[in-house]
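Student: I would like to go through this structure with you. Could we begin with how its elements are arranged?
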Amino acid sequence: MTPHSTSQPPARPDGGVRVVVVGATGNVGTSVVRLLAESPTVDSVLGLARRVPGWRPPKTTWQAVDIEPGGPDLVPLFAGADAVIHLAWKFQPTHRPEETWRTNVLGSSRVFDAVAAAHVPALIHASSVGAYSPGPKDRVVDESWPTHGWPQAAYTREKAYLERLLDAYEHAHPDVRVVRMRPGFLFKRESASEQRRIFAGRLAPGRLVRAGLIPAVPDLPGLRFQALHTDDAAAAYLAAVSRPVSGAFNLAADPTVDARVLAEIFDARSFSMPTAPLRAALAAAWKLRLVPASPDLFDAVLRLPLMDCTRARTKLGWQPRHTSVEALREFFAGLQAGAGMDTPPLAAHGAGCAEAARSKIG
């Protein structure tokens, strides 16, 4: 595929661009920080996370910060920044949505308010395909598709609420350039251990997710979704820092993933199956706390629309380097190897696992 844009932010008279990344140690955060640190015109990166990682990329300073209400004042941390990239997100505990709301909605609101109070010119927010209302699976939709989410799932409900919050925010703060990234499902090798813990549970045997060990893939009604390599999503964030753009951007790679594509990856066959039995099994496992992913999120995934990414290509000059299949193959290889990274959310083994199971993916 055509390589993504690598256009750089304009240098400031005092040496370069300063970027603050909130939620800098998870799947998306580590890719964003790495690209920013490699950019010759980015002068410095401040990475904020609940726990300081062992990972030490160049030009990057770390600080432990909790964005929830009652946490430290964020304004001094944002002062002097050219852009704040907000990635922080908590998936767990799914049995206590009031706790994820506290971080994801109330914490995000604190970030947004601090950006305005610190006079930061650009806010780049990690929204999601999950913010979209149910939509078609036989055609793509652009960024004007309604963003009301799927009301039963906490993740989609919270992403949609933040879209409404940003609608009002843009009217109240016209001096802030607001960008909303709406990627599909994001995968890379280093995120394998974290995503296994978040969605399948810490005891799920990732080494069994390989060709030859999965004989068949169920073809469920609505099982069509879009995926993207996390590093390609990070390139879009860098482009949004670089360019004077605003508004929403869909991000996804070809091809659309369905049962046939998954079956090819696993060298398996696919077979038609109604949704009800699998959902019932997932609901029972979730109620027994055997798996962390809720059946409501499963319902949402089957209803997500397919996205048109034309705007990202034309306004950001962006193209993914990896296909969706390449991203998934890399991720599944990471599952087999127990891959991770030296940050608390991405930790493959040890003490970081408990923190990662409750932490931000972004």
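Tutor: A definition is needed before the arrangement: axes are lines fitted to C-alpha atoms, for helices over the stretch in contact, and angles run from 0 to 180 degrees between N-to-C directions. Please also keep in mind that this is a predicted model.

Student: Which helix lies across β8, β10 and β12, and at what angle does it run to β12?
Tutor: That is helix α11, residues 324-337, which runs at about 65 degrees to β12.

Student: What kind of sheet do those strands form?
Tutor: They make an open sheet of three strands in the order β8-β10-β12, and the pairing is mixed. Its edge strands, β8 (185-187) and β12 (253-258), each pair on one side only. From one strand to the next, the twist averages 40 degrees.

Student: How many bridges join β8 to β10?
Tutor: Three bridges do, and the two strands run parallel. Within this pairing, Phe 185 stands opposite Ala 227 in β10.

Student: Changing topic, how many helices and strands does the protein chain have?
Tutor: The chain has twelve helices and 14 strands. It has 362 residues, of which 56% count as buried.

Student: Now the aromatics. How many aromatic pairs are there?
Tutor: The count comes to ten. One of them is formed by Phe 91 and Phe 199, an edge-to-face pair with 5.3 Å centre to centre and 75 degrees between the planes.

Student: Why does that pair tie together separate parts of the chain?
Tutor: Phe 91 lies in the loop between β4 and α3, while Phe 199 lies in helix α5, so the pair joins parts 108 residues apart in sequence. Phe 91 and Phe 199 also belong to a cluster, linked by ring pairs, with Trp 89 and Tyr 155.

Student: Which charged end sits over the ring of Phe 249?
Tutor: That of Arg 311, at 4.3 Å from the ring centre. Elsewhere, Arg 303 lies over the face of Trp 150, 4.3 Å from that ring centre.

Note on methods. Residues numbered from 1 in each chain as written. Predicted model: local features only at pLDDT ≥ 70, side-chain atom pairs only at ≥ 80, totals over all residues. Heavy atoms only, no water. Helix = DSSP H or I, 4+ residues; strand = E, 2+ residues; numbered from the N terminus. Buried < 20%, exposed > 50% of the residue type's maximum accessible area, 1.4 Å probe, protein only. Pairing = 2+ DSSP bridges. Contact = heavy atoms within 4.5 Å. Phe/Tyr/Trp six-rings, centres within 6.5 Å; stacked < 30°, edge-to-face > 60°. Lys NZ or Arg CZ within 6 Å of the ring centre and 35° of its normal.
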